[in-house]
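Student: I would like to go through this structure by asking about a few of its residues. Could we take them one at a time?

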Amino acid sequence: MRVSLSVLAAAACILSANVGFAQDAGNPAPPPPKPASPDLPSTATATVMRTNSMAVLDDKKKLGSNDYVSFRVVEDRDNDSQRLRVNDNGELEVPYVGLVPARDKSCKELAYTIKSLLEKEYYYHATVILAVDRVSEKSRGRVYVYGEVKGQGPQEIPADESYTVSKAIIRAGGFGDFGDKRKVKLTHKNGETVIVDLKDVIERGRTDQDVAVLPDDQIYVPKRAVNW
């Protein structure tokens, strides 16, 4: 029995279609991958963006007591910036971390310090954004006056004037009855000590010998030797 070629070709097409249908039903082909959304950067790109945001933080202005800063951790997406104050001891109380020394540090320096502390326990990656919110207008820090003066104790250093040893003594009420005006001892935070002769400053107008004080300096007025 002879079968025409056209009949055989039609049968082959039907068989091929049936086999393909069976394969598609049992093992459907996976859908094509979705294109990456341009609004969602890759992890690597996001990390670079966060790193750059910290790299541009201010590294010039040094923080002091009573300065206010805005603080935010980028990874805390539900949290807004918080306003934090540098306390009288020069420390910033940071959420999760606690008190962190802030005086004489720039926002950039402090942000990287806080970042390392947060990453020890709380974050795998922490991007800390820190910026000066308000600079204290009342004080640049404190100087401590004690010894033979009428009013011992800490004094705020005014922000808008040059504050010297003689001004600190005057604010302390002046010398006590036995205060030695010639041997006033000024000790800087770094341990350097200067002896100031305030007798020349006060009585002879030698203002060039009146030394300016810095935050955390200590001024000590010793007792003079009594000549009988």
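Student: In which strand is tyrosine 146 found?
Tutor: The model is a predicted one. In this model, the strand holding tyrosine 146 covers residues 142-147. That strand is β6.

Student: Does tyrosine 146 count as buried, partly exposed or exposed?
Tutor: Buried means under 20% relative accessible area and exposed means over 50%, with partly exposed in between. Tyrosine 146 has 34% relative accessibility, so tyrosine 146 counts as partly exposed.

Student: What accessible area do Tyr144, Tyr146 and Tyr220 have together?
Tutor: These three residues form a nonpolar patch on the surface. Together, their accessible area is about 260 Å².

Student: Where is tyrosine 96, and what is its phi?
Tutor: Tyrosine 96 sits in the loop between β3 (91-94) and β4 (98-101). Most residues other than glycine have a negative phi. Tyrosine 96 is not a glycine, yet its phi is positive, at about 75°.

Student: Is aspartate 216 buried or exposed?
Tutor: Aspartate 216 lies in the loop between α5 (198-204) and β10 (218-221). Its relative accessible area is 19%. The limit for buried is under 20%, so aspartate 216 is buried.

Student: Which residue in β9 stands opposite leucine 186?
Tutor: Strand β8 (residues 184-187) pairs with strand β9 (residues 193-196) in the antiparallel sense, over four bridges. Opposite leucine 186 stands valine 194.

Student: Which glycine in the turn between β8 and β9 has a positive phi?
Tutor: β8 and β9 form a hairpin, with five residues between them. In the turn, a positive phi of about 95° belongs to glycine 191.

Note on methods:
Residues numbered from 1 in each chain as written. Predicted model: local features only at pLDDT ≥ 70, side-chain atom pairs only at ≥ 80, totals over all residues. Heavy atoms only, no water. Helix = DSSP H or I, 4+ residues; strand = E, 2+ residues; numbered from the N terminus. Buried < 20%, exposed > 50% of the residue type's maximum accessible area, 1.4 Å probe, protein only. Patch = residues over 30% accessible without salt bridge, like charges linked within 9 Å, V, L, I, M, F, W, Y side chains within 5 Å. Areas by Shrake-Rupley, 256 points an atom, 1.4 Å probe, with all protein chains shown as cover. Salt bridge = Lys/Arg side-chain N within 4 Å of Asp/Glu carboxyl O. Pairing = 2+ DSSP bridges.
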